[in-house]
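Trainee: I have a model open and would like to learn how to read it. Where do we begin?

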2 protein chains.
Amino acid sequence: MKFYDYFRSSAAYRLRIALNLKGLEPERSFVHLRRREQSAPDYLKLNPQGLVPALIDDDGTVLTQSMAIIEYLDETRPKPPLMPSDPAGRARVRAISQAISCDIHPLNNLRVLRQLGTLGLAEEIRNGPQWYQHWVAIGFTAVEALLADHPATGRYCHGDAPTMADCCLVPQIFNATRFGTEIADYPTIKRVFDALMDLPAVFDAQPSHQPDAEA
Amino acid sequence: MKFYDYFRSSAAYRLRIALNLKGLEPERSFVHLRRREQSAPDYLKLNPQGLVPALIDDDGTVLTQSMAIIEYLDETRPKPPLMPSDPAGRARVRAISQAISCDIHPLNNLRVLRQLGTLGLAEEIRNGPQWYQHWVAIGFTAVEALLADHPATGRYCHGDAPTMADCCLVPQIFNATRFGTEIADYPTIKRVFDALMDLPAVFDAQPSHQPDAEA
């Protein structure tokens, strides 16, 4: 198995957590996004989207999109499970994952902040309460409500074992904190995050602990 | 079953296609996004994200996020299937769906274009080749490659029966066309789209055919 990773990519980070939780240790290749290695012809041949992560399974199957890869791993390496066993539980885990991965992260990743710069928006606008923090505040307020008001929330986002939703939550918190979000404003998110960071599988996946990490 | 819909929402439109393909006819409630009905307290109690679609199943289960709802329907009402039966196929359908729903749509929906306006970007910038069309061009170029270069692409995105990926593709094409994208630039996408529009379930789900449609 081969994993195309970048320490600072939130999407790759989701997959690092999932791989660690499953005890999988693929060969790793690092795609330096700031040096635009994701746009190299060889990488685009593998993943036409030019995004990380990508994963090649032992049988040659090429996988892209972090949530799709996590569910694939869960179906092909079911222990420990990262998805609940009931349809309503799976729907909830997917919905929380997508509330982060569709409605917060895409607005705030590197390529988008770059494009806003090209359009002349100053860094304090792009990174501040009118853009980056704007979408994080809307998104985390909703995720906090999804977690705080639901009986299925446990030690983690859904029950007492980590799921795909937790794989998505932790990288978004790391990213938002880097841009000045005060996570204590979201008490349930903070409680779940603290519990997750107690797991070595989650702790070890953080950006600064990766072989390609930079200051 | 109760479906919270809005004719112009691409995410709700994905679900309309899925419901039609499954022959399901839930009671429908219309949430007028331009009148900001999604921010009414009663709706936020149902969906703290303040987005459509939402679905309440007959047993009271509240579901949000279009892709999560489509997979839930596929698990609870399996005929006809909207997901392949093999893990690699499911991963591919999810990846195509997410390439659209995470990497194109979130950058171009109403709330985002509104916020860009608030930041002083003129309409011709927001809707033109530097923003709206920029992300569509990047996204559709990648989806075209994902489809054109893969042996699993059939009459539709994956094989010869419609899947969740097709439910995501059609609304994105309608949306992009409204903003001036020339779909003929993406020949495989166009071929699949044309085949999909021949299906009454897909044809009938289009925005202008909905009871809440406006000119």
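Mentor: With contacts: two residues are in contact if their C-beta atoms, placed from the backbone, lie within 7 Å. In chain A, among contacts between residues at least 6 apart in sequence, 68% join residues at least 24 apart. This is a predicted model, where local features need pLDDT of at least 70, side-chain atom pairs count only at pLDDT 80 or more, and totals for chains, interfaces and linings use all residues. Residues are numbered from 1 along each chain as its sequence is written, while chains are lettered from A and ligands numbered from 1 in the order in which they are written.

Trainee: What rotation and shift superpose chain B on chain A?

Mentor: Two copies of a chain are related by a rotation about an axis and a shift along it. Here, a rotation of 180° with 0.0 Å of shift along its axis places chain B on chain A, with RMSD 0.0 Å (least squares on the C-alpha atoms of residues with pLDDT of at least 70 in both copies). The two copies are thus related as by a two-fold rotation axis. In chain B, the C-alpha of B:Cys102 comes closest to that axis, at 2.2 Å.
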